[in-house]
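Trainee: Hi, could you walk me through this one? I'd like to go over a few residues and then the whole chain.

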Amino acid sequence: MFCISTQVAALDFSTVVIDPGHGGKDGGCVHNGLVEKKLCLDLALRLEKVLKAKGLRVVLTRRTDVFVSLEKRAIISNRQRKALFVSLHFNASKDRSISGMEVFYRSPSGKGVATQILRSMDINLKGKNRGIFYEDLKVLRETAAVAVLIEGGYLSNKTDAARCSTAAHRDQMARAIAAGILAARS
Ligand SMILES: [Zn+2]
């Protein structure tokens, strides 16, 4: 009998580089009274807390409202050994009916992590699961570590925006992402 395993190979990492999207002069998307850069940083600090409690080493590419170029983010990540790079964003669309969570990857290993993280978010959070997508994003391309980029919801959508505006939802999102990260680890 020929079997194809659907199990994703576990990764060996001891550091998580959390990359809160945007910052400083780059606000990211602004909709429904929400500013993406602020939500990204808030989520990053919550995720840092959960991962540290689980014994992982955590590095943030920014921990205040400052502008950090994509090159600099990759440089910070590339200083770390045995790291996983997780970029945090929130999305927007001209079509305000579009809602949900997405995770982007570029490498096969990244695809495995993206799968685990989105699965955990889907189980633990309200909101639509839009799937994982391959995307040749600069921040994923220039990081040597296995890398993923999470879009936590569409700020242009009223329902997603209302959810993402609450600390309780962002806290739950941090826990769901952490559980996905841990599931991807060997
Ligand atoms: Zn963004």
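Trainee: Is Ser-120 buried or exposed?
Mentor: Ser-120 is buried, because its relative accessible area is 9% and buried means under 20%. Keep in mind that this is a predicted model.

Trainee: Thanks! Where is Ser-120 found?
Mentor: Ser-120 is in helix α3, which covers residues 108-124.

Trainee: And what is Ser-120 in contact with, leaving aside its neighbours within four places in sequence?
Mentor: With those neighbours set aside, Ser-120 is in contact with Ala-176, Ala-179 and Gly-180.

Trainee: Are His-22 and Glu-36 buried or exposed?
Mentor: Both His-22 and Glu-36 are buried.

Trainee: Change of topic: where does Asp-160 sit, and is it buried or exposed?
Mentor: Asp-160 is in helix α5, residues 158-164. Asp-160 counts as buried because its relative accessibility is 5%, and the cut-off for buried is under 20%.

Trainee: So what is in contact with Asp-160, again leaving aside neighbours within four places in sequence?
Mentor: Ser-99, Gly-100, Gly-153 and Tyr-154 are in contact with Asp-160 once those neighbours are left out. For a sense of distance, Asp-160 and Phe-13 are 32 Å apart in space, C-alpha to C-alpha, and 147 residues apart in sequence.

Trainee: What about Ala-145?
Mentor: Ala-145 lies in the loop between α4 (138-141) and β8 (146-154), and at 16% relative accessibility Ala-145 counts as buried. Leaving aside neighbours within four places in sequence, the contacts of Ala-145 are Ser-77, Asn-78, Ala-83, Leu-84 and Phe-85.

Trainee: Which residues have a positive phi although they are not glycines?
Mentor: Asn-32 is one of them, with a phi of about 50 degrees. Lys-82 is another, with a phi of about 45 degrees.

Trainee: Where do Asn-32 and Lys-82 lie?
Mentor: Asn-32 is in the loop between β2 and β3 (34-35). Lys-82 is in the loop between α2 (70-78) and β5 (83-91). Asn-32 counts as partly exposed at 35% relative accessibility, and Lys-82 counts as partly exposed at 43%.

Trainee: Now the big picture. How many helices and strands does the protein chain have?
Mentor: There are 6 helices and 8 strands, and along the sequence they follow the pattern β-β-β-α-β-α-β-β-α-β-α-β-α-α. The radius of gyration is 16 Å, close to the 16 Å that the globule rule gives for 186 residues, so the protein chain is as compact as a globular protein of that length.

Trainee: How much of the protein chain do buried residues make up?
Mentor: Buried residues make up 51% of the 186 residues. Also, among contacts with a separation of 6 or more, 80% come from residues 24 or more positions apart.

Trainee: Last one: what about the charges and the surface?
Mentor: The protein chain has 30 positive and 17 negative charges, and their mean positions are 4 Å apart. The accessible surface comes to about 9100 Å², with 52% belonging to carbon and sulfur atoms.

Key: Residues are numbered from 1 along each chain as its sequence is written. This is a predicted model: local features need pLDDT of at least 70, side-chain atom pairs count only at pLDDT 80 or more; totals for chains, interfaces and linings use all residues. Side-chain values use heavy atoms; hydrogens and water are left out. Buried means under 20% relative accessible area, exposed over 50%, partly exposed in between (1.4 Å probe, protein chains only). Helices (H or I, at least four residues) and strands (E, at least two) are DSSP runs, numbered from the N terminus. The radius of gyration is taken over C-alpha atoms; the globule rule is 2.2 Å times the number of residues to the power 0.38. Contact means heavy atoms within 4.5 Å. Accessible areas come from the Shrake-Rupley method with a 1.4 Å probe; for residues, only the protein chains shown count as cover. Lys and Arg count as positive and Asp and Glu as negative; His and the chain ends are not counted. The place of a charge is taken as NZ of Lys, CZ of Arg, CG of Asp or CD of Glu.
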